[in-house]
Structures are given as C-alpha cells and as structure tokens.
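This report describes strand pairing and charged contacts in one protein model. Please keep the sequence and the coordinates at hand while reading.

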Amino acid sequence: GSHSYIADLGTGDLRITGSAVHIQNAAQSENMIKCFEGDRVELYHNNSKKFQSTAYGVNVTGTTDTDGLVVSGVTTSIGAITSTGNLTANGNIRVQNSFPTYYLTDTDSDSDFLIQNANGNFKIKDETNNVDRFTINSSGTGAFAGNLDVGVDLDVTDDLTIGGEFN
C-alpha cells in the first residue's frame, strides 16, 4: 500500500505542539506515546505503559535489558536482585533486615553456607547440613562445631577450656 507522511521539507525543525499530544495506532485504539505539558511523557508497548518520565527521573514497568548500568546516588531495590556475573561495590554494602543474611551457594554438590547476624550473634552456618559451624555471641564468645585445626602457634590470653581428648 501507500504510505502517509508528515514531512519537514524546510530548513527548520518539525514541531508538533499541544498541551497533551498523543500518538496512537491507525484505529486510534492503542496508545503509543503520550506527552503532557509540564508533567510526563509515557511510552507504550502493545497499549501497555512501559516507560514514564517523572519529576525525579523515570518509572519503568517490566524488565529492563541493558548492556551496562551506572547508578549515582542512593538506589533502593524492592524484591530480589539477580546477577549472573560479578557484582562489584566500590564502597560499603549494608544489609538491613531482622536477620541479615548472605548466602554462599556453589554450583556443585559441596556444602552451601550462609553468614548471618541472628539476634546479635554472628554465625557461619552450613546450610546444606543445617549446622552452625562458627558462632560469636554478643559478648564475644566464639564456638566451633567440629574440630579446630591450628596450623601454627595458638596464643591464648585468657582461660582455655578443653573437652574431650587432648593430644
């Protein structure tokens, strides 16, 4: 078929003006772009709003697929963040939760571990076998589950209690 054109054939800009400008499909049944004076711009895919400019930046509905992402300032994420590559932070990482936890899951059949602050107790837990392997409570007392193998000297500055066999 033939095409219809809006063409700027002069030397200046082509300007479309209006306090609210909408671009729709030929049947006028689906939105494609909506622009509102002094407010926002909305972009649509298949009549579903996917991108909207806001006073503070943009709002994206759905999944973004980017080659790179640079964020400056504070970033808030609601929900899970999944990275299939390396994740690098040039600064502090703060995890705030009732029981903040880092999960260390490998991809083979070895044990998986977690590092957690549970009610003020720092623990390293073998999640695969459901065993706390190392714990430091809020008073500073440490506990190991299993043997403690020391490769060189062991310096003790306070009391030492040994249970079981001593070799």
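Glutamate 42 is buried, with a relative accessible area of 3%, where buried means under 20% relative accessible area, exposed over 50% and partly exposed in between, for a 1.4 Å probe and protein chains only. Glutamate 42 forms a salt bridge with lysine 49, whose closest N and O atoms lie 3.6 Å apart; a salt bridge here is a side-chain nitrogen of Lys or Arg within 4 Å of a carboxyl oxygen of Asp or Glu. Lysine 49 itself counts as partly exposed at 32% relative accessibility.

A network of salt bridges links Glu42 and Lys49 with Asp39 and Arg40. Aspartate 39 and arginine 40 form a salt bridge in which the closest N and O atoms are 2.3 Å apart. Both are partly exposed, aspartate 39 at 47% and arginine 40 at 23% relative accessibility.

## Basis of the values

The model is predicted, so that local features need pLDDT of at least 70 and side-chain atom pairs count only at pLDDT 80 or more, while totals for chains, interfaces and linings use all residues. Residues are numbered from 1 along each chain as its sequence is written, and side-chain values use heavy atoms, with hydrogens and water left out.

Five strands form an open sheet in the order 1-2-3-4-5, with antiparallel pairing; strands are DSSP runs (E, at least two residues) numbered from the N terminus, and two of them pair if DSSP finds at least two bridges between them. Strand 1 (20–24) and strand 5 (57–60) stand at the edges with a single partner strand each, so one side of each has no neighbour in the sheet.

Strand 4 (residues 48–54) pairs with strand 5 over four bridges in the antiparallel sense, and serine 53 has valine 58 in strand 5 as its bridge partner. Aspartate 39 lies in the loop between strand 2 (31–36) and strand 3 (41–45), and its C-alpha is 12 Å from that of valine 58, at a sequence separation of 19 residues.

Strand 8 (residues 121–126) and strand 9 (residues 131–136) run antiparallel and are joined by five bridges, with aspartate 126 opposite valine 131 in strand 9.

## Salt bridges elsewhere

The whole structure contains six salt bridges. One of them joins the side chains of aspartate 13 and arginine 15 at 3.3 Å, N to O; aspartate 13 is exposed at 59%, and arginine 15 is exposed at 66% relative accessibility.
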